[in-house]
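New page in my notebook.

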Amino acid sequence: MDIIGAERTSAPRSQKLGKQNSSTPRIACEEQRVNNNENNKSCRRKLKVASPASVWQGRLRSKKLPGTKGQANNRPCSLFNVTNLQNLNVKDFKKQLSIRRKRKANDSDLKKDSILKEPNIKKSCQNANAVMSTDSLETVDSPSSTRKKLGGSLVQRSFSLRVGGDKDHEFAKKYRILPTPIKIRPSKLWRDTVSKGHVQEMSPMQLKRQEAMYELSSGEEGVVSDLKMMIEVYYKPMCKLRLMSEYEFQTIFGCVETLLSLHQELIDKLKKARTTDGAIDSIGEIMLHWFPQLKCYTRYCANQFEAKAMLDEKMKNDDNVKDFLQRCQDSPFSRRLDLWSFLDSPRSRLVKYPLMMKSIIKTTPRDHPDRKMLEDAKRCIEEIIEEVDEKTGEAKCQFVLSRIVFLYDNKMSFPELYQSKRMICSGTLKNKHGTKLQAFLFEKAFLLTRPASRSGRQSYQVFSEPIPTKDLFVEDLPDGDVRLGGSFKTALSRLATSKNVLRVSSTDRENGQSHTLQASNDDEKRRWLTSLQSVVTSSENYKTYV
């Protein structure tokens, strides 16, 4: 019965094998399948023998393609079939394995970047405009539509206008509007304006002389450029807009048009004196005839104190003037300088002429015909500057006296104060209580005031009666000898002493004034002591305890 049952069970098996009806053992059949690839595949399908691809699991599993679920396991791997395993090269296997791992890592990184990367500002703006252009909120996609799966979880894509990507940075760098560059005057030497051969033919002394005269010429061009810019940008537009009255324009700007024509005349003369090779042989005669015309600076410089005060008051009280001047200052053509810097540039140019003439004289030989004219021109400009200083000092003194305010109408009781024509020294000092006072030393009186404002004007309120210089008594006090108040901490400290202290008092018993004053530093104290000593009538009225 067992034999018959075995035959019955083996009969259907032989029918499934088709043409192979022989009783060959199973081992021989496996060897034949290895030698024949085609029969090997058909036998695997019919006998349902496990394929080699199913043996290599884990990292050697074939890659799943999107949209083909359940098909990767049934497809044999092209690298690890039976034939390739027999002719397997270890080096090639490792190389191909590393290539596949890199591809897999790159694919995963690209997937994460596409999901988690924030949109740049350009795309965000486009999306925002698209959403705003819709007629109703129903057309806008829900937040769930912007979600993507990452490892089985939902990730919400963030919407931000923050610029953080490299593309956004390059875009902003390419299309940004650059600020207008500030105009800077290039500084050149005379040797840079002529041929090198001509420079090599000159001696070092001749070269220095040409450089000194070129500095004078180039400086004049700078002054003319500033005056033209001030007239075209500040004066004429402000007149057209009627930002000030005629008196205010005349006080602030003065005779700038006269100064412009004067300096332009000097530039034209220096250009005519230049030879074809760019050198100037004689300049003394030009300067000697041009310097006397600078007496107009006397009126211009004497008016500067009132002009500065009026300009500050206009900027403080008039918003239109302040806005106009601020816009001009922020523009590149002004080189970030305010109006007062341009108004003060002619005065600063005037005081440089003696130094420039001295430099030219120093490089001019004694036997040169231009030497004597240069020396005469230097003396001429020094006399003009001395006259300008004198008139400027008187104007400053009268300006300060016009701003002094008495608590009582008794200013006629101090004739020495208003008879002064020169102010010797001024500055801020502290009294023994720590109060800051504005001190003035005039030619005939010493006055202590407090800064105040009257109807929008800066003024000085009298703190104590003026002390005539004939009754002035000055004491130079040593450091640490006097204790001054002014702060709660100083009052409680036993070791707190004062430095840079002096005492000013009156020898007149009816006046009976005595002021202990403190300067900000030692240099300021020395300046005040020197000025006070110069007006003290007797040496007995000046004492020092240092």
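Which residue in β7 is the bridge partner of Ser453? I looked it up, and Gln458 is the partner of Ser453.

Before going on, a note on the source: this is a predicted model, where local features need pLDDT of at least 70 and side-chain atom pairs count only at pLDDT 80 or more, while totals for chains, interfaces and linings use all residues. Residues are numbered from 1 along each chain as its sequence is written, and side-chain values use heavy atoms, with hydrogens and water left out.

Strands here are DSSP runs of E, at least two residues long, and helices are runs of H or I, at least four, numbered from the N terminus. I call two strands paired if DSSP finds at least two bridges between them.

I followed β6 (residues 445–454) to its neighbours. It runs antiparallel to β5 (residues 436–442), with four bridges joining them. Phe440 has Leu447 in β6 as its bridge partner, and two residues lie between β5 and β6 in their hairpin. Six bridges join β6 to β7 (residues 457–462), again antiparallel. In that hairpin I found Ser455 with a positive phi near 60°. β6 also pairs antiparallel with β8 (residues 467–468) over two bridges, and there Phe446 stands opposite Ile467.

Next, nonpolar cores: sets of buried Ala, Val, Leu, Ile, Met, Phe, Trp, Tyr and Cys joined through side-chain atoms within 4.5 Å, buried being under 20% relative accessible area with a 1.4 Å probe, protein chains only. The largest has 60 residues, and Tyr234, Phe253, Phe291 and Leu294 have the most contacts inside it. Helix α10 (residues 204–241) gives the largest share, twelve residues. A second, separate core has 20 residues, including Phe446 and Leu448.

Key
Buried < 20%, exposed > 50% of the residue type's maximum accessible area, 1.4 Å probe, protein only.
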